[in-house]
Amino acid sequence: MSARIKKAVTLCIVFIQAFLLNACSITQFNHLSPAQLAQQGDFVQAKQNVIKSYSKTGNDRLLYHLEMASLFHLEKNYLASNEQLAIAITLIESFYTQSVSELALVQLSGPTYSTYKGKAFYLPQIHIMKALNYNALAKLSSDNAQYYYDAALVEMRQLDVFLNQLKEQSGGYNTEQDNDFLAKNVYQILKPIFAPTDLLENIDYKDDAFAHFLSGVLFEQSAEWDSARLQYERAMFMYENGFAKQYQLPEQISEQARSGLIRVMRKAGGYENELRALKPTNTGETTQSANVTLVQNIGIAPKRKQLNLMLRANSESKALVMTPILLGNYKERQAQMRWFQMLHADTSLFDIMQNYMLGDLGDVAMGALTKRLPLGPLWDDAVKLGIVDALQFGARISVTYLEPLDNQVTHSEVWLNGQPLTTLLPYHSVSLLTLQDALKQANAEIHAALSREIIKALSARKALDKVGFEQNNLLGNLAKLTTSVVNAITASADTRQWQTLPAEIRVAQVSLPQGEHDVIIKTYFRSGHIIEQSEHITANNVMSLWHTRTFANAPSEQAALTNSTLNME
Amino acid sequence: MKYNRKLLKLVPFAVISTLALSACQSTKVQRIDANQEVALSDKWNGKDSQLVSEAMISDMLSFPWVNDHLKKEGTRPAIIIQSIRNKSHQHIAVDTFLNDLKRAILRSGQADFVANKEIREEIRDERKDQELNASLETQNEMGQEQGADYALSGTINSFVDQQGGTRVTFYQVDLRLIDMTSNREVWNGQKKIQKLQERSGYGF
């Protein structure tokens, strides 16, 4: 085949692949996602969107139930929400057994062709939402209140079983993070291979301090002092031993967990020595005051998006080279480049030295724009295996990246009788949890994507050879082009996620006179916008839990409506 | 010849595909005995409810309080169920368990049950309605209700121990019967159930 024809075919491939990459960058949701629609208060459209996008029986069935549960929860249809969440829990349990045939299918297609199994941190969020739903139902139904309060505690016990197992696997927060010498030493050895900065240090999801705190509140509400004491104690130690630092939460929250611990120890009685050790301060509580816990879920967690890379075999430096292909608007392209540079690019001293040793001086300078995997002596094996030939026209690698976090809230306050009462403090950052999970998975994901695409390219090439397209002519190249394009189509990254999760969870514990009160939650945004949500709450003699959801981008008409109720139970 | 060889190579693939497809079957439903246990997980199920209620009631009626009451009052004791709190980690249909308890006691013929507060109020409303609308011969009088002699209450607790795919779940049901006149605890019963669940990490 003449050089001109070969060049034309190559150009044609690059054009088609670029076109496909562009097409693949479109998300499943053609317009607004369920989370965005829910943010605007359009729950009907949001549910229709979920029904259209996910099947109850398909690979995305878990997301169908999770998104529906969130939407029902926001609509205050708590029973329907819990039905969906119960199905989601059953599904997650069934996913424990991995299907070997599905794993094989993923290897020959892509992760989007597999069943979506969710993230480890989804299960605590499911139990928390279920418990909040039961708590709200108890407040709405005086006849079945006890049954619903007990049901909320069942959720907390199930969550405890899960968190105990997680803690056993991860080590939890039993000691301060800095004392974890073994983990630190292992990290120091692996650091140059993985990431150029301290980005991946202490980002494991090891336990959930907020879940323990909320559990303490619910047990206290049901006057189960022993269980409440254990949960507050766990929350306090975890916030102190690294949870607050990992999720960038204020130091005061461990003090609030300590206050809860002291309160339930006093109520239970018999903890005089322990109370002396905790050095309680005067909280201003009187025998006539009642405790109220307000939980505010704010915004929506950041989106997972797709980052495309072109994989080629470079015979000069005997290496596989990945180059990012930036798509989307300016912000998205910038985010894609930062993600690539942060996690994958040859920017560490180790990578720069490696490129220099290979004599590829150009790549020493270009390191920030490429990821080079030098094969060295393995290059000849790669040629024999056909990898180099299979990558003749390049292959598309797709991985996920997380859109940059956008915390629009400056602070939020609880107001009573026209006066500010207290500030709602951040108790958990689901945004950072999502980001850290994405960072943690990034390297494994790119390695899996890389090996998957090489296997696909090799299999396609072998199939072509079998049917007689091994010739290096126009027909042969067109056949190679076709397989390359087919592989590019199936190479999509797995950007599936539970989109309606909140970005941040804020909590305030206040002591109020027993009886009924009208409280207002004021949320202040960086834009200067203030959202006010008010509700009539009852403070009893034990503890009462109330929750609300605040959306940052709620339209102004809806923000005005929140003066009556948005979703506070 | 070349194409025949290619076809031969495709045969095993075709056979495996056919077998794999034939393994897939659509939803199948069959009718089974309600007493037959179908344990799909280690969760509390209908069989647990039935076994615990039968064992508890059998134990309860073997205690001396039944004969003591018969000797003293000359009538069968009347029991009211106060509350059975679910303090386990599983959602348990307590009403189903209570109904199993009632059936086991009534079947024994040694004790009676008094309706709970909500049902009593419904019946009283019905009697009030009868006073206005029913004929004198068929009316039921107010103030003739039977008071309960004993109150039954209890809790369901559970513990879970888990390691990888193996999980041991332990349920403990505690019930007590209180003499409503003297507050004496005339019976205290306990039934334990332990379940082992093993799950495989990989499957087809």
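Predicted model: local features only at pLDDT ≥ 70, side-chain atom pairs only at ≥ 80, totals over all residues.
**Notebook: chains A and B**

I started with burial in chain A: of its 569 residues, 44% count as buried.

Taking contacts in chain A with a separation of 6 or more, 74% are between residues 24 or more positions apart.

**Chain B**

I got five helices and six strands for chain B, and going along the sequence they follow the pattern α-α-α-β-α-β-α-β-β-β-β. For chain B, residues 24 or more positions apart make up 68% of the contacts with a separation of 6 or more.

**Where A meets B**

How many residues of chain A are in contact with chain B? I found 13 of them, in contact with 15 residues of chain B. I looked up which elements of chain A they sit in: β1 (98-99), α6 (100-108) and α8 (145-170) each supply at least two residues of the side that touches chain B. The top contributor there is α8(A), with seven residues. I sorted this side of chain A by residue class and got five nonpolar, six polar and two charged.

I then turned to the strand pairing across the two chains. β1(A) is joined by two bridges to β6 (residues 202-203) of chain B, and the two strands run parallel. For A:S99, I traced the bridge partner in β6(B) to B:G203.

Last, I went through phi values. Most residues other than glycine have a negative phi, so I noted the exceptions I came across.

A:A223 is one: its phi is positive, about 60°, although it is not a glycine. I placed A:A223 in the loop between α10 (209-221) and α11 (225-246) of chain A. Buried or exposed? A:A223 is partly exposed, because I count 14 other C-beta atoms within 10 Å, and partly exposed is what lies between 12 or fewer (exposed) and 20 or more (buried).

A:K318 is another non-glycine with a positive phi, about 50° here. A:K318 is found in the loop between β3 (304-314) and β4 (319-325) of chain A. I ran the C-beta count again: A:K318 has 19 others within 10 Å, so it goes down as partly exposed too. Buried would take 20 or more.

How values were computed: Residues numbered from 1 in each chain as written. Chains lettered and ligands numbered in written order. Helix = DSSP H or I, 4+ residues; strand = E, 2+ residues; numbered from the N terminus. Contact = placed C-beta atoms within 7 Å. Nonpolar A, V, L, I, M, F, W, Y, C, P; charged D, E, K, R; others polar. Pairing = 2+ DSSP bridges.
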